[in-house]
Amino acid sequence: MIATRSVLYCFLLSALAVSIQQPAEAHGGVVEEDDLCVIKVNYLRAHFKIYQPQASGHKQFCEDLPVASESVFVMEYQHESLSEMAVDFRIIRDVTGKGRFARIEDVNEIADIESATVYYRSPVVEPDVYTVNYTFAEEGDFIGIVSAQHPQTGKIYAAVFPFEVGFTGFGYWPYIIGLLALIQFQFLFMSGRIKRWFGRGSARSASLMLLLILLSPLSFAADYIVTYTTPDGDPEINRMHSWILHIEDENGNEVEGAIIDVEGGMPEHDHGLPTKPRVTQDLGGGDYRLDGMRFHMSGAWEIVVNITTSAGTSKAIIKLQL
Ligand SMILES: [Cu+2]
């Protein structure tokens, strides 16, 4: 029992530490619940994150970026109709003088938006996942502008998100998240829930954790071994999330530069995935980022990973139970 408790304590503490250091990877649904990484285009919502693969590897950011370097912006739609809308994406230098308080009205007042623009992607329809890859040439204050045009009404919806590149401080998110975590903790404590968790429930929690460890995500293709991790937390029903696929050949060599194509579904129900997940990044070292993963019901799922190299195409099937 003592061992179980310390495991749970460690787990809670590390979850809290992660929340404070890396808002985007916060555990326990803080991000999802409190809309930290959610961009709203009027009534439409999308989950939003930024990677700097060269500078920070797998780390995700919601807003401010540490250095001027290659940046991958990823939007995952949480609203069906966004998948049918043509979405464009613009990054401008902050010429509004409003810094992180810049709003759409301020952007609309800019006389010559073209000359302030450092990046523009014309409208494109992308189902489920929308990605933009831009390498910042210099540090400074920027504003991202996402707009979507309704296919029927022609109405344009827009959202702005001011951000800073070359941001060295902690910003205000850690304080807000820390505060929320404390409030949550206090609430749980007051309601006696923590006592219950550490009392009777602990044996059950421990066996659940053991089960998760035993069901290690591993799959064999004819000649490849595919493993995966989920950096933004375990898969939950209806939550859009990412996987990092790791591919090695039978001799343990990392497979780099492969073309990865992912499909899947529930064989027992004879249906596919509700989204079209895509590999958005070859992270090197045999790692590939797979965005747009979502499961809409519990049961037995199979993810089919097609790996194409100069040697041909192999198929690996990852089974998981939700
Ligand atoms: Cu099903």
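Biologist: Which residues point one way from β4, and which the other way?

Modeller: This is a predicted model. Strand β4 covers residues 70–77, and eight of its eight residues are buried. Both faces are therefore made of residues under 20% relative accessible area. One way point E70, V72, V74 and E76, and the other way point S71, F73, M75 and Y77.

Biologist: How many bridges join β4 to strand β7, and which residue stands opposite E76?

Modeller: Strand β7 spans residues 129–135 and runs antiparallel to β4. Seven bridges join the two strands.

Biologist: In what order do the four strands of the open sheet lie, and which are the edge strands?

Modeller: The pairing in this sheet is antiparallel, and the order is β6-β5-β8-β9. Two of these strands pair on one side only. The edge strands are β6 (117–124) and β9 (156–165).

Biologist: What does the twist average from one strand to the next?

Modeller: The sheet concerned is the open one with the order β6-β5-β8-β9. From one strand to the next, its twist averages 15 degrees.

Biologist: Is R90 buried or exposed?

Modeller: R90 lies in strand β5, which spans residues 86–93 and is joined to β6 by five bridges. Its contacts, leaving out residues up to four places away in sequence, include I113, E114, Y119 and I143. The cut-off for a buried residue is under 20% relative accessible area. R90 has a relative accessible area of 14%, so it is buried.

Biologist: Which protein donors does the copper ion have, and what is their spacing along the chain?

Modeller: The donors lie 2.0 to 2.4 Å from the copper ion. They are M266 (SD), H269 (ND1), H271 (NE2) and M297 (SD). H271 in strand β14 and M297 in the loop between β16 and β17 are 26 residues apart and link distant parts of the chain. The spacing of the donors is M-x2-H-x1-H-x25-M.

Biologist: What is the arrangement of the four donor atoms around the copper ion?

Modeller: Four donors count as tetrahedral if all angles lie between 85 and 135 degrees. Here the angles run from 97 to 126 degrees, so the arrangement is tetrahedral.

Biologist: What is the relative accessibility of H271 and of M297?

Modeller: Partly exposed covers the range between the buried cut-off of 20% and the exposed cut-off of 50%. H271 counts as partly exposed, with 24%. M297 is also partly exposed, with 26%.

Biologist: Which residue is 50 residues from T308 in sequence, and which side chain makes a polar contact with the side chain of T308?

Modeller: T308 is found in strand β17 and is partly exposed, with a relative accessible area of 28%. Beyond four places in sequence, T308 touches A258, I259 and T313. The residue 50 positions away is A258, at 5.5 Å C-alpha to C-alpha. The polar contact, at 2.9 Å, is with the side chain of T313.

Biologist: How many helices and strands does the chain have, and what share of its residues counts as buried?

Modeller: The chain has eight helices and 18 strands. Among its contacts between residues at least 6 apart in sequence, 63% join residues at least 24 apart. Of the 322 residues, the share that counts as buried is 45%.

Definitions and conventions: Residues are numbered from 1 along each chain as its sequence is written. This is a predicted model: local features need pLDDT of at least 70, side-chain atom pairs count only at pLDDT 80 or more; totals for chains, interfaces and linings use all residues. Side-chain values use heavy atoms; hydrogens and water are left out. Two strands pair if DSSP finds at least two bridges between them. Axes are lines fitted to C-alpha atoms, for helices over the stretch in contact, and angles run from 0 to 180 degrees between N-to-C directions. Donors are N, O and S atoms within 2.8 Å of the metal (3.2 Å for Na, K and Ca); water is not among the atoms, so sites may look incomplete. Four donors count as tetrahedral if all angles lie between 85 and 135 degrees; four count as square planar and six as octahedral if opposite donors are over 155 degrees apart and all others between 65 and 115; anything else is irregular. Buried means under 20% relative accessible area, exposed over 50%, partly exposed in between (1.4 Å probe, protein chains only). Contact means heavy atoms within 4.5 Å. A polar contact is a pair of N or O atoms within 3.5 Å; within protein, one must be able to donate a hydrogen and the other to accept it, and residues adjacent in sequence count only if both atoms are side-chain atoms.
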